[in-house]
Amino acid sequence: MIPKQIEAYVVDDASKQTFRKAQIDVPQLQPLDVLMNIECCSVCYTDSFCPAGKAPGHEFIGKIVAVGSSVEKLKVGQRVGGGWQLGSCQNCDVCNDGKQHICPEKTNFINAPIGGFADYVVWDSRFLYDIPETMSSADAAPLLCAGITVYAPLANHNVQPGSRVGILGVGGLGHLGIKFAKAWGCRVVALSTSSNKEKEARAFGADEFVVTKDADQLKSLKPLDMIINTRYMNDINRRFAAANWFVIDQLR
Ligand SMILES: [Zn+2]
Ligand SMILES: [Zn+2]
């Protein structure tokens, strides 16, 4: 069913991160847009950067209810997911090389009329992905931003089964990073400032656990082939001024 209006949760006060319900007119579909009925949207830290009056949400899954006049690859009824990126120029060197995520003119969910905290979303069909039937919407949603963030380094940097991969930080991204690296066949080393993260890191598949505040543990850590840093960079700048050197020191 095509709605007349979309019900969304928009940011009310950005400093307090409060929301209010809002009714928004359905945006006009551009030729390559689709309108989708949202089933599920997970929460990412970047949502907190969304300004007042806009609906955040960029890990969303839903079924397509209408397509623009030039959409050929997706169809009504199909279940798809969207992530952080809304669009790119499709015309520069990096876009032509299939790396639209580093296009200088890329746009993201904050540029979208409505993010995924809504019952419907209008999105560029070129930045939506088919979701396999075997995967639930709730399982698929976090993969659209958090998942791709930690999966991409494994895929793009020739990580091999048996490689020693460090996952720095055992939060939401770290959990997924540990699981992906383990499934990739790597020897997974979880690195955390906090010893009480060990149990969950090992439950997600970490083979080794190192408390980065413990100089002796760091000293005995065998070199790593790759470190995936899942910590928020401003946090690192503030609390770990030497974090980059730490990362470089631990690599083979
Ligand atoms: Zn995100
Ligand atoms: Zn481009």
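The model I am reading is a predicted one. I then looked for disulfides and found that the structure holds zero of them. Cys40 is accordingly in no disulfide, and the nearest cysteine sulfur, which belongs to Cys41, is 7.2 Å away. I also looked up Cys145, which is buried with a relative accessible area of 11%.

**Zinc ion (ligand 2)**

I next asked which protein atoms are the donors of the zinc ion (ligand 2). They are the SG atoms of Cys89, Cys92, Cys95 and Cys103, lying 2.3 Å from the ion. Along the chain, these donors follow the spacing C-x2-C-x2-C-x7-C. I noted angles of 104 to 116 degrees among the four donor atoms, and the site is tetrahedral. For four tetrahedral donors the ideal angle at a metal is 109.5 degrees. As for accessibility, I found both Cys95 and Cys103 buried.

**Aromatic pairs**

My count of aromatic pairs came to five. One of them joins Tyr151 and Phe180, whose ring centres are 5.4 Å apart and whose planes stand at 65 degrees, so I record the pair as edge-to-face. This pair links distant parts of the chain, with Tyr151 in helix α3 (residues 146–156) and Phe180 in helix α4 (residues 172–183), 29 residues apart. Tyr151 is partly exposed at a relative accessible area of 33%, and Phe180 is likewise partly exposed, at 22%.

How values were computed:
Residues numbered from 1 in each chain as written. Chains lettered and ligands numbered in written order. Predicted model: local features only at pLDDT ≥ 70, side-chain atom pairs only at ≥ 80, totals over all residues. Heavy atoms only, no water. Donors = N, O, S within 2.8 Å, 3.2 Å for Na, K, Ca; no water. Tetrahedral: all angles 85-135°; square planar, octahedral: opposite > 155°, others 65-115°. Buried < 20%, exposed > 50% of the residue type's maximum accessible area, 1.4 Å probe, protein only. Disulfide = S-S within 2.5 Å. Phe/Tyr/Trp six-rings, centres within 6.5 Å; stacked < 30°, edge-to-face > 60°. Helix = DSSP H or I, 4+ residues; strand = E, 2+ residues; numbered from the N terminus.
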